[in-house]
Amino acid sequence: MLLNTTLKRGTDASETEQLLHEATKILRKEQIDTNRIHLRDFHISFGITDRLDGDDDWPFIFDKIKEADIVIIGTPISMGEKSSIASLILERLQGYQELKNKKGQSLFYNKVGGVVVAGAKEDGGRTAAQSIFYQLSMIGFTIPPHAHATYEGRIDARQEEAVDISRDGKALNNIERMTYNLIHFAELFKFHPIPTLGNVLDS
């Protein structure tokens with residue numbers, strides 16, 4: 001499951017979408033089913049809650065996340081921070097942290113999380129990745145080593161036109177390493193899930 005949290009509409013080119021596209025190509029090459037959702041095009045209500053309002057598109061998105069073994073969040077950087085949509089999604093996921101899987105563990109156990117960040121140099125990309133990783137970990141996701149790819153090729157943060165990331169060797173190497181580490185850990189959990197000893201939620 002690849003979640004694009006850019007503030008641009010789905011019809012607009014963005015570096016975040018390009019990063020997710022490069023990860024998608026690797027996943028498909030390894031014959032892994034993928035879904036990529038551009039969240040800006042959906043209505044998602046605010047709140048740390050599993051309750052819904054009348055026109056909330058969140059159930060569709062949440063069902064896709066529940067089905068996924070790998071979840072990658074893609075965000076641009078604005079004013080040194082992850083996007084407001086990224087914050088919104090993480091808050092909505094927090095509303096489900098008491099839900100259990102069949103073994104009584106967190107619903108998000110045995111899922112792995114990755115992050116791609118698009119931003120200008122020295123513009124908060126690593127800080128944003130750290131923030132997302134911490135929040136994913138707190139609700140039960142596992143974070144493999146080198147599970148993020150940050151594109152910092154842009155010189156000016158005010159530049160609005162998307163840069164062609166497919167020509168950036170460093171960014172592509174980061175994407176490849178991240179994606180394969182996510183795959184390796186997802187496969188590991190298929191055969192060796194997290195034990196229940198000391199890892200069940202209170203009744």
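Let's start with accessibility: a residue is buried under 20% relative accessible area, exposed over 50%, and partly exposed in between (1.4 Å probe, protein chains only). What you're looking at is a predicted model, where local features need pLDDT of at least 70, side-chain atom pairs count only at pLDDT 80 or more, and totals for chains, interfaces and linings use all residues. Residues are numbered from 1 along each chain as its sequence is written, and side-chain values use heavy atoms, with hydrogens and water left out.

Now for the aromatic rings. Rings of Phe, Tyr and Trp (its six-membered ring) pair if their centres lie within 6.5 Å; planes under 30 degrees apart are stacked, over 60 edge-to-face, and the rest tilted. That rule gives 5 aromatic pairs here. Take Phe 42 and Phe 60: their ring centres sit 5.9 Å apart with the planes at 15°, so this pair is stacked. Phe 42 belongs to the loop between β2 (36-38) and α2 (58-67), while Phe 60 is in helix α2, so the pair ties together parts 18 residues apart in sequence. Helices (H or I, at least four residues) and strands (E, at least two) are DSSP runs, numbered from the N terminus. Phe 42 is partly exposed at a relative accessible area of 31%, and Phe 60 is partly exposed too, at 42%.

Next, look at Phe 62 and Tyr 96, a stacked pair with 3.9 Å from centre to centre and 25° between the planes. Phe 62 is in helix α2 and Tyr 96 in the loop between α3 (84-94) and β4 (112-120), so parts 34 residues apart in sequence are tied together. Phe 62 is buried at 5% relative accessibility, and Tyr 96 is buried at 8%.
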